[in-house]
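Work through the following exercises with the sequence and the 3D view side by side.

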Amino acid sequence: MKSKYLKYLPLFVLALAASPAVAQEQPLSLHDAVSQAMAENPELKASKLDIDKAQQQFIVSRSLFLPTVNATLAVNHYFQLPAFFGFNGTEPDGKISYGRFGGDDQGTAAVTAIQPLYNPLAFPSVQRSRLQERESSIALSGKQTDVVSQVKETYLQLLVLNERLRLQQESISRNQRALKDSRSLLLQGKALRVDTLRAYTSVKNLEPELLKISYAIETGKLQLKALMGMDSTKQILLTDSLVVPSPGSLPSETEVYEAALGGNASYRVLALQTQVQEQQMKIASAARKPSVAAIGQYQMQTQTNSLDYGTAHYPTSSFVGLQVSVPLFNGFGNTARVKQASLAQSQATLRLNDAHEHLRANVHKAVADCQASIERIQTAVVVNETAKLSYDMIQFRYSRGVSSRLELTDAELALTQSQSNYLEAVYDYLSARIALFRIMGQVE
C-alpha cells in the first residue's frame, strides 16, 4: 500500500519515507487520549495549582482570627551611654542637666502575644478566600471540559483527514485507470490524444492535495500530543474509526440555555466574581473601622560592661492589656479603595449580564448548527450514492467506447466532490455536537 502512493510525492518526501522508522507507533484510542489529557495536560496542571493557591490564601485569611506571637532579642554595645535629663534639676544658666549611667552592654529579650478580639477585615477576607477557592474549582472543571472537547475535536479531525487521504488515493487510482484506458484506446485509434492529456492532467492535479492532507495529519497529531502532554517525538496511531452517532432528538434552545447557566463554568465563574467583589468592597470598608486586640508581653533585660553577661542581673517584667486602633485619616486612601471596589462590583455585574445576553445567541447558533448538519448529512448520503452509481455507469459505457473521456472526468469529479461533501457534513455534525455539549458545560 505504501508503494502505491509514494510515487505521488516529491523526491524529498520519498527520501523521508524510505528512511527506517525511528520509533514504533503507539496505538491511541479516543478514550486513551482523553484519559491522558486529563492526567498530563499542562493547562489542567496549572489550574490545579490555582486551587492549591486559593487554599493557602484561605489559611492566610483565617490567620486574622488567630493570635500572633513574636519573640525579639536585642543586644547593644554603647560607645556613649544614653543621656537621661532632669535628675539634678536645672543648671544656673537655665539648662536642664543630664546624666549617663548603666552598662556599656545592654540586652533585651521579650515574647509578645496579640490576640485579635475584633478585626473588621477578618470575616470578609475569609469569605472572599472561600469564594476564590470555589471559583478555582469551577474554573478547573471548565478547563477540563474544554480540554476534553479539544481532544475529541482534534481526534475527530484526524479521523476525517485520514478518510480524506483514503478517498484522495482512491480518486487518484480511478484517474490512473482512466489514464491507462485512454492510452490503450489511443493506441487502438479509438480515442484522441487530448483525452490522454486530460487524464494525465487530472492525475497530476490530484497529487498535491495528497501531500497537503499528509502534512495536515502530521500537524493535527502534534496538536493532539500537545493537548495530551505527550512528547512530540513519539509516534501515535489512531485506532478508532469515524462513526456517525444517531442524531436522536436535540434539546431545545431553552433547555440548552438553562443547562448552560447551571453547568457552564464560564458563567458560574462570572456569577461568583460578583460575590467576590462584594466581599472586596466589605474589606475596603473595614479599613475605616476600629480594631480591638488583647496584648501580653514577657520581657527580660540586662546591662553589663565588657560583655560580661555571665555575672549580670536579668530582671523580668510582664504585662497584659487591651489595644484599640482607630483609623482617623490616611490621605483619603480608604475612601478611594471603597470606590474602586464598588466600581469593580459594577463591572462584574455588567459582564455577567452581557454574558447572559450573548449566551442566547451562542445557544441559538449551537442548536442551529446541529440541525443544519443533520440535514446536510441526509442530503450528502443521497448525493453520494447517486454520484457513485453515475460514475459506475459512465465508466462502464466509457470502457465500451460509448461515453467520452470528458463525461468520465465529470463523473469522477462529481463523485470526489460528493464524497468530500459527505465527509465535511459528518465532521460539521460531530463538531457541532461537541460544541453543543461544551456550551452546556458537559462532555458527551
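**Exercise 1: Salt bridges along the helices**

Lys 365 and Asp 369 sit 4 residues apart, about one turn of the helix, and both belong to helix H9; helices (H or I, at least four residues) and strands (E, at least two) are DSSP runs, numbered from the N terminus. The model is a predicted one, in which local features need pLDDT of at least 70 and side-chain atom pairs count only at pLDDT 80 or more, while totals for chains, interfaces and linings use all residues. Residues are numbered from 1 along each chain as its sequence is written, and side-chain values use heavy atoms, with hydrogens and water left out.

Task: find what joins Lys 365 to Asp 369, and then find which residues are linked with Arg 166 in a network.

Solution. Step one is to look at the closest N and O atoms of Lys 365 and Asp 369, which are 2.9 Å apart and form a salt bridge, a term that requires a side-chain nitrogen of Lys or Arg within 4 Å of a carboxyl oxygen of Asp or Glu. Lys 365 is exposed because its relative accessible area is 52%, whereas Asp 369, at 33%, counts as partly exposed; here buried means under 20% relative accessible area, exposed over 50%, and partly exposed in between (1.4 Å probe, protein chains only).

Step two turns to Arg 166, which forms a salt bridge with Glu 163 at 2.2 Å between the closest N and O atoms, and whose side chain also meets that of Glu 170 in a salt bridge of 2.4 Å, N to O. Arg 166 and Glu 163 are 3 residues apart in helix H5 (residues 122-187), and therefore about one helical turn separates them. Arg 166 and Glu 170 are 4 residues apart in helix H5, so they too are separated by about one helical turn.

Step three joins the pieces: Glu 163, Arg 166 and Glu 170 are linked in a network of salt bridges. Arg 166 counts as partly exposed at 35% relative accessibility, as does Glu 163 at 24% and Glu 170 at 30%. The structure holds 11 salt bridges.

**Exercise 2: A nonpolar patch and a loop**

Task: list the residues of the nonpolar patch on the surface, and decide whether Ser 306 is buried or exposed.

Solution. Step one is the list itself: Leu 117, Tyr 118, Leu 322, Val 324, Val 326, Leu 328, Phe 329 and Phe 332 form the patch, with about 970 Å² of accessible area together. Strand S5 (105-118) and strand S8 (316-325) are the elements that give two or more residues to this patch. Patches are made of residues with over 30% relative accessible area and no salt bridge, where like charges are joined within 9 Å and nonpolar side chains (Val, Leu, Ile, Met, Phe, Trp, Tyr) within 5 Å. Leu 328 lies in the loop between S8 and H9, and Leu 328 is exposed because its relative accessible area is 78%.

Step two moves to the loop between strand S7 (291-304) and S8, where Ser 306 lies. Ser 306 is exposed, since its relative accessible area is 71%, and Ser 306 has a positive phi of about 55° although it is not a glycine. Leu 307 lies in the loop between S7 and S8 as well, has a positive phi near 60°, and counts as exposed at 59% relative accessibility.

**Exercise 3: Helix span and overall form**

Solution. Just after H10, Gly 441 takes a positive phi of about 75°.

Step two takes the whole protein, which has 10 helices and 8 strands, and whose C-alpha trace spans about 145 × 55 × 40 Å along its principal axes. Buried residues make up 34% of the 444 residues.

Key. Accessible areas come from the Shrake-Rupley method with a 1.4 Å probe; for residues, only the protein chains shown count as cover.
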